[in-house]
Structures are given as C-alpha cells and as structure tokens.
Amino acid sequence: MRVFCIIRNRWLFLLRNYSAKTLFLLSPLMLIYELAQLVIAIKKGWLKEWWRSVRWVAVHRSEIREKRRAVQTGRVLSDR
C-alpha cells in the first residue's frame with residue numbers, strides 16, 4: 001500500500017501543481033524517471049503496486065483534471 005500511495009501521490013502532485021509548459025519541458029526527464037522506477041519496482045517485486053498506481057491515475061483523470069483546474073486558476077506565481 002505504501003508503494004502504491006508514493007507512486008500515485010507523486011503523479012497527483014505533478015499533474016495538479018505544475019503548469020502545462022513545465023510538464024512538457026520536464027516530460028523527457030519524467031519518462032526516464034518513470035522507467036527507472038519501473039525497473040526498480042520489477043526488481044523489488046512491486047510491479048503490481050506500480051501498475052495499480054498508473055491505472056488509478058488513468059481511471060481518475062477527470063477528477064485530477066478538475067482539481068488541476070482549481071489549483072491552476074488560483075496560481076499567483078509561475079513554476080520558476
């Protein structure tokens with residue numbers, strides 16, 4: 001459960017709080033990070049938890065989008 005929450009919450013934080021421009025610019029690094037995390041999850045036997053967290057984010061994308069909209073409209077500072 002801990003692994004599931006850590007992976008899921010990292011994605012929730014990124015998707016809610018960073019601007020679209022920042023997410024786009026960081027996407028190559030985020031892809032590398034996610035692949036490394038996947039390799040570690042496989043080695044430690046956490047593939048099920050990793051996959052569950054990815055699925056959870058995909059299934060709840062509309063809720064995440066609503067929360068993102070609320071956060072982004074209230075922004076005062078840029079990501080810089």
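Predicted model: local features only at pLDDT ≥ 70, side-chain atom pairs only at ≥ 80, totals over all residues.
User: What share of the residues is buried?
Analyst: Buried here means under 20% relative accessible area. The protein has 80 residues, and the buried share of them is 24%.

User: Of the contacts with a separation of 6 or more, how many link residues 24 or more positions apart?
Analyst: Take the contacts in the protein whose separation is 6 or more. Residues 24 or more positions apart account for a share of 73%.

User: Helix 2 has a kink; where does it lie?
Analyst: Helix 2 covers residues 20-44, and the kink in it is about 55°. There is a proline, P28, and the kink lies shortly before it.

User: What covers the buried residues of helix 2?
Analyst: The buried residues in helix 2 are T22, L23, M30, E34, Q37, L38 and A41. Their cover includes three other helices: helix 1 (2-17), helix 3 (47-59) and helix 4 (61-73).

User: Which residue just after helix 2 takes a positive phi?
Analyst: Look just after helix 2, where the phi is about 80°. The residue there is G45.

User: How do helix 1 and helix 3 cross, and at what angle?
Analyst: Two packed helices are described by the distance between their axes and the angle between them. Here the axes of helix 1 and helix 3 come within 8 Å, and the crossing is right-handed. On the helix 1 side the contact is made by V3, F4, I7, R8, W11, L12 and L15, and on the helix 3 side by E49, W50, R52, S53, W56 and V57. The crossing angle is roughly 35°.

User: Is S53 buried or exposed?
Analyst: S53 is found in helix 3, and it touches F4, I7 and R8, leaving aside residues up to four places away in sequence. Its relative accessibility is 1%, and the cut-off for buried is under 20%, so S53 counts as buried.

User: Which residue sits over the ring of F4?
Analyst: A charged end sits 4.1 Å from the centre of the F4 ring. Separately, R8 lies over the face of W56, at 4.9 Å from that ring centre. For F4, the residue is R52.

User: Why is the pair of F13 and Y18 edge-to-face?
Analyst: A search of the whole structure finds two aromatic pairs. In F13 and Y18, the ring centres are 6.0 Å apart and the planes stand at 85°. Planes over 60 degrees apart count that way, so the pair is edge-to-face.

User: Are F13 and Y18 buried, exposed or partly exposed?
Analyst: F13 has a relative accessible area of 45%, while Y18 is at 26% relative accessibility. Both values fall between the 20% and 50% cut-offs, so F13 and Y18 are partly exposed.

User: What is the C-alpha to C-alpha distance between S78 and Y18?
Analyst: S78 lies in the segment after helix 4 and is exposed, with a relative accessible area of 54%. S78 and Y18 are 60 residues apart in sequence. In space, C-alpha to C-alpha, the distance is 8.8 Å.

Technical notes. Residues numbered from 1 in each chain as written. Heavy atoms only, no water. Bend = angle between axes of the 7 residues up to and from the residue. Helix = DSSP H or I, 4+ residues; strand = E, 2+ residues; numbered from the N terminus. Buried < 20%, exposed > 50% of the residue type's maximum accessible area, 1.4 Å probe, protein only. Contact = heavy atoms within 4.5 Å. Phe/Tyr/Trp six-rings, centres within 6.5 Å; stacked < 30°, edge-to-face > 60°. Lys NZ or Arg CZ within 6 Å of the ring centre and 35° of its normal. Axes fitted to C-alpha atoms, helices over the stretch in contact; angles between N-to-C directions. Left-handed = near helix turned anticlockwise from the far one by under 90°.
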